[in-house]
Amino acid sequence: MNSEALARLAEEVVDHRFRGLPPDADGLTVGELAAQRRNLFTGGFTTPVLALSAEHLEHNLRLMATYTARHGLAFAPHGKTSMAPQLFARQIQHGAWGITLAVPHQVRVARAFGVRRVFLANELVDPAALRWIAAELAADPGFRFVCYVDSVRGVELMDAALEGAARPLDVVVELAAGEGARTGVRTEAECAAVADAVAAARSLRLVGVAGYEGEVPRATPERVRAWLDALVSLAAGFDKAGRFAGLDEIVVSAGGSAWFDAVADAFAGLPELSAPVLKLLRSGAYVSHDDGHYRKLTPFTRVPEEGALEPAFRLWAQVVSRPSPEQAFVNAGKRDAAHDLDLPFAQVVRRDGVERPAAGVEVTGLSDQHAWLRTGPEADLEVGDWLGLGLSHPCTSFDKWQLIPVAEADGTVVDYIRTFF
């Protein structure tokens, strides 16, 4: 990646744009503020403030690097989760093949920070975006870009937009996860038709097959494995038909954050093809994990011998009202906390430097700038207390915050993560 572009993030000036940061830090650069190693709780940070655990973040990066290496998988973690080039860099430093993305803007962010390999897990038919990617490919021989195709019409639009491109654009046929699922080709005959259209296109090159098992309807281990077996069979069938002739590498890709163990098992059974296979896993939520949706879904609950991810996010809010023994309000709401999958979880109360479990405290609803708390008889909660909230769904946690402190266990803030949504 581009170390100079990453270094420039530390030169950004701290000001009113960044929530939760100390008001007296205005005018400092991010790098200068990080060098002060302020404490999250005593260093002037204002609530609400979202923080990442330095230790848990590093643990998760190492765990998935170990897991993918152990199972012979290449790894392109989905960058839409964080849209944080600093985390992209750390993922690549931990052995990632590249970064998965979903839309052209995200690719522009990645390229601005020097990401050399991008897997776009989506169809791409916008002519302006395609022309920009063609220019990137022409200007940088080391840039690798792969994206989905799932229709003859889409292939035709891509070919027209890319006419005269210096390098062909690599594509994979996306296999739908089933009837009524999201994007992707539904039938074997349609897969063949799309592949034929790519072969006839002057500016495209078919390099493999892919899909997303997380969209399998009414997913069970058996249904997910059946779909993964179909994806493997599609790759083998395409290869037998000579559709990958002349390739140095065949791409077979799947893998969200809920079924990567099934992906690892299915890809281990890939037959030998005419070229080496890049078995590309794309899980993204692991980097911060969470205290809700992904805590319940992670495959590590099924394979505990492989390790365990650790939730890295905590949103700190302050009790601003205690109108009755059964109710309290903190100053963080929908604008601050992910709430599309689960409400935040009250975890710890902090008062006078002492932290204890948030016994008897439950988040029951969110307004724009308030969380509604139900407090039981055992709840020890006063106006002014800091409440640490666990969150569900990393993707909609990262996208609410532009600059996120990274704090060590004792509260020392050692870094700031910049996001670009």
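Biologist: What are F75 and Y286, buried or exposed?

Modeller: Both F75 and Y286 are buried, a label that requires under 20% relative accessible area, with exposed meaning over 50% and partly exposed in between (1.4 Å probe, protein chains only). This is a predicted model, in which local features need pLDDT of at least 70 and side-chain atom pairs count only at pLDDT 80 or more, whereas totals for chains, interfaces and linings use all residues. Residues are numbered from 1 along each chain as its sequence is written, and side-chain values use heavy atoms, leaving out hydrogens and water.

Biologist: How many aromatic pairs does the structure hold, and why is the pair of Y67 and F300 called edge-to-face?

Modeller: There are 13 aromatic pairs. The ring centres of Y67 and F300 are 5.6 Å apart and the planes meet at 80°. Rings of Phe, Tyr and Trp (its six-membered ring) pair if their centres lie within 6.5 Å, with planes under 30 degrees apart counted as stacked, over 60 as edge-to-face and the rest as tilted. The pair therefore passes on distance and is edge-to-face on angle.

Biologist: What does the pair of Y67 and F300 tie together?

Modeller: Parts that are 233 residues apart in sequence: Y67 belongs to helix α3 (residues 54-70), F300 to the loop between α11 (293-297) and β10 (313-324). Helices (H or I, at least four residues) and strands (E, at least two) are DSSP runs, numbered from the N terminus.

Biologist: Why are Y67 and F300 called buried?

Modeller: Y67 has a relative accessible area of 1%, so it is buried. F300, at 5%, is buried too.

Biologist: What makes F75 and Y286 a tilted pair?

Modeller: The centres of F75 and Y286 are 5.4 Å apart with 50° between the planes, which makes the pair tilted. F75 is in strand β2 (residues 74-75) and Y286 in the loop between β9 (277-281) and α11, so this pair ties together parts 211 residues apart in sequence.

Biologist: How do you know that E136 forms a salt bridge with R111?

Modeller: Their closest N and O atoms are 2.8 Å apart, and a salt bridge needs a side-chain nitrogen of Lys or Arg within 4 Å of a carboxyl oxygen of Asp or Glu. E136 lies in helix α6 and R111 in helix α5, so the bridge ties together parts 25 residues apart in sequence. R111 is at 14% relative accessibility, so it counts as buried. R111 also meets D140 in a salt bridge, at 3.0 Å from N to O.

Biologist: Which residue does R144 meet in a salt bridge?

Modeller: E249, with N and O at 3.2 Å. R144 in strand β5 and E249 in the loop between α9 and β8 (250-254) are 105 residues apart. R144 is buried at 18%, while E249 is partly exposed at 27%.

Biologist: Why does T183 count as partly exposed, and how do you know that its side chain makes a polar contact with that of E174?

Modeller: T183 has 32% relative accessibility, so it counts as partly exposed. The side chains of T183 and E174 come to 3.0 Å. A polar contact is a pair of N or O atoms within 3.5 Å; within protein, one must be able to donate a hydrogen and the other to accept it, and residues adjacent in sequence count only if both atoms are side-chain atoms.
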